[in-house]
Amino acid sequence: MKSEQSVDLFNVNRLLMGEGIPFSFLAEVLLRTTVMFFIVLFILRLSGKRGIKQLSVFELAIIISLGSAAGDPMFYEDVALLPAILVFVIVISLYKLITYLTGRFEKVEEFVEGKPVKLIEHGKILYNSFRKESLAYDELFSQLRQQSVSHLGQVQSAYLETSGDLSIFYFPDAEVISGLPILPDIYETPCTEFHVGTTYSCKHCGEMKPDLHPSKPCDVCGENEWLEASDELRLK
């Protein structure tokens with residue numbers, strides 16, 4: 001039976017530096033970190049000038065794959081610099097190759113980058129398309145509200161870009177239609193009473209129903225939560 005190895009509890013040197021590592025290794029950490037920092041900076045410079053929010057899934061995968069290669073050699077004494085640098089060379093070479101292929105072949109571009117998805121059309125959520133995306137209602141409505149949209153009837157169409165941004169096209173003021181309110185204080189309170197002559201909007205897809213019968217579910221998404229539709233103009 002293997003004997004338990006004794007541990008020198010509260011040993012300052014072990015806590016601060018680890019087993020058997022001298023404090024002089026900190027000078028090497030300084031060198032390692034400086035070298036890897038400038039390599040990362042150089043790689044990011046090669047990848048272009050787009051901001052982090054604008055990174056595609058492919059570019060984000062590149063950044064993540066480089067994370068360990070950059071971090072480990074900075075402070076692990078048994079991780080050498082040259083293998084880490086080789087990882088960088090291979091990854092950036094693959095990045096350049098795939099970028100070239102995406103520029104030449106549409107199928108490769110679609111596979112790597114994806115393509116924009118229309119989520120809203122004529123003031124209504126395209127329910128089937130929306131359900132296929134990893135996007136919550138709160139995220140969609142938050143991006144709309146940041147562009148002063150208070151209900152879907154102000155939106156002619158909206159596209160989810162490959163970067164995760166939302167491109168929004170608006171109805172002119174004279175053409176705004178009734179739509180689903182997306183302000184939190186209204187959206188979180190579905191109607192419990194229904195009145196003749198009032199138009200209601202499905203909380204889940206924006207489908208419009210005049211003179212709604214409260215027991216009838218939505219014809220588009222099958223849900224049965226409704227809000228009184230709004231037709232106010234968008235504040236600019």
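## A pair of cysteines

Cys-218 is buried, its relative accessible area being 5%, where buried means under 20% relative accessible area, exposed means over 50%, and partly exposed covers what is in between (1.4 Å probe, protein chains only). The structure is a predicted model, in which local features need pLDDT of at least 70 and side-chain atom pairs count only at pLDDT 80 or more, while totals for chains, interfaces and linings use all residues. Residues are numbered from 1 along each chain as its sequence is written, and side-chain values use heavy atoms, with hydrogens and water left out.

A disulfide is a covalent bond between the sulfur atoms of two cysteines, and here the term is applied to a pair of cysteine sulfur atoms within 2.5 Å. A search of the whole structure finds zero disulfides. Cys-205 is in no disulfide, and the cysteine sulfur nearest to its own, that of Cys-218, is 3.5 Å away. Cys-218 is likewise in no disulfide, with the sulfur of Cys-205 as its nearest, 3.5 Å away. Cys-205 counts as buried, at 1% relative accessibility.

## Salt bridges between strands and loops

The structure holds four salt bridges, each being a side-chain nitrogen of Lys or Arg within 4 Å of a carboxyl oxygen of Asp or Glu. One of them joins Lys-124 to Glu-207, with the closest N and O atoms 3.4 Å apart. Lys-124 lies in strand E2 (residues 124-125), whereas Glu-207 lies in the loop between strand E5 (199-202) and strand E6 (208-210), so this pair ties together parts that are 83 residues apart in sequence. Strands (E, at least two residues) and helices (H or I, at least four) are DSSP runs, numbered from the N terminus. Lys-124 is partly exposed, with a relative accessible area of 29%, while Glu-207 counts as buried at 17% relative accessibility.

Another salt bridge is formed by Lys-209 and Asp-219, whose closest N and O atoms are 2.5 Å apart. Here Lys-209 belongs to strand E6 and Asp-219 to the loop between E6 and strand E7 (226-228), so the pair ties together parts that are 10 residues apart in sequence. Lys-209 counts as buried at 17% relative accessibility, whereas Asp-219, at 51%, counts as exposed.

## A salt bridge between partly exposed residues

The side chains of Glu-121 and Lys-118 also meet in a salt bridge, at 3.1 Å from N to O. Glu-121 is partly exposed, with a relative accessible area of 39%, and Lys-118 counts as partly exposed at 25% relative accessibility.
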